[in-house]
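Colleague: I would like to learn how to read a few features of this model. Could you walk me through them, one at a time?

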Amino acid sequence: MPSSEKQLKGWIRSQHLICEGTDFIFETVDQTQLEKFEACMNEIGGQVRQIKAVGNWPMGPNRSFKILRAIASVPRPGGEDLVTYWAKRGGKQTRYSDINT
């Protein structure tokens, strides 16, 4: 299994990455993870269409981190296996959904 596919499956299990319609939605508080996601999507033939800040993750008193959301198109053909994997092992909400709604 290619390393990018392995990384994407890890994010699915940790609820950083979900599938919604024909899109992958990735949320994190770490800019480097966002860059890794973009590289993984490029490697499997997908493309990140949008990146935006969607909320704040509280980290103690008077401290919070921005929640970053990337929306990418599921590559077709080639992304179907990841969508199937998400359907079996992933969640319908990201781990930050309670905060950014």
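Colleague: Which residue forms a salt bridge with Glu5?

Modeller: A word on the source first: this is a predicted model, in which local features need pLDDT of at least 70, side-chain atom pairs count only at pLDDT 80 or more, and totals for chains, interfaces and linings use all residues. Residues are numbered from 1 along each chain as its sequence is written, and side-chain values use heavy atoms, with hydrogens and water left out. Now the general idea: side chains of opposite charge can pair when their charged atoms come close. The term salt bridge is used for a side-chain nitrogen of Lys or Arg within 4 Å of a carboxyl oxygen of Asp or Glu. Here the partner of Glu5 is Lys9, with the closest N and O atoms 3.5 Å apart.

Colleague: By about how many helical turns are Lys9 and Glu5 separated?

Modeller: About one helical turn, because they are four residues apart in helix α1. Helices (H or I, at least four residues) and strands (E, at least two) are DSSP runs, numbered from the N terminus.

Colleague: Is Lys9 buried or exposed?

Modeller: Buried means under 20% relative accessible area, exposed means over 50%, and partly exposed lies in between (1.4 Å probe, protein chains only). Lys9 has a relative accessible area of 15%, so Lys9 is buried.

Colleague: Which other residues of α1 are buried?

Modeller: Along with Lys9, the buried residues of α1 are Ser4, Leu8, Trp11 and Ile12. They cover an arc of only 160 degrees around the axis, so they sit on the same side of α1. That arc is taken from the directions from the helix axis to the C-beta atoms. Ser3 and Lys6, on the other side of α1, are exposed.

Colleague: How many salt bridges does a search of the whole structure find?

Modeller: Four. One of them joins the side chains of Arg69 and Glu27, at 2.6 Å from N to O. This pair links distant parts of the chain, with Arg69 in strand β4 (residues 64-73) and Glu27 in strand β2 (residues 23-28), 42 residues apart. Glu27 is buried, with a relative accessible area of 1%.

Colleague: Which residue does the side chain of Glu80 meet in a salt bridge?

Modeller: Arg76, at 3.9 Å from N to O. Glu80 is partly exposed at 33% relative accessible area, and Arg76 is partly exposed at 48%. Arg76 is also joined to Pro77 by a cis peptide bond, with omega about -5 degrees. Pro77 is found in the loop between β4 and α3.

Colleague: Which residues form the positive surface patch?

Modeller: Patch residues have over 30% relative accessible area and no salt bridge; like charges are joined within 9 Å, and nonpolar side chains (Val, Leu, Ile, Met, Phe, Trp, Tyr) within 5 Å. Lys6, Arg13, Lys88 and Arg89 form the positive patch. The elements giving two or more residues to it are α1 (3-13) and α3 (80-89). Lys88, in helix α3, is exposed, with a relative accessible area of 71%.

Colleague: What is the phi of Gln15, and where is this residue found?

Modeller: Gln15 has a positive phi of about 65 degrees although it is not a glycine. Gln15 is found in the loop between α1 and β1 (17-20) and counts as partly exposed at 34% relative accessibility. Asn62 has a positive phi too, near 60 degrees. Asn62 lies in the loop between β3 (47-58) and β4, and is exposed, with a relative accessible area of 85%.

Definitions and conventions:
Areas by Shrake-Rupley, 256 points an atom, 1.4 Å probe, with all protein chains shown as cover. Lys, Arg positive; Asp, Glu negative; His and termini not counted. Charge placed at Lys NZ, Arg CZ, Asp CG, Glu CD.
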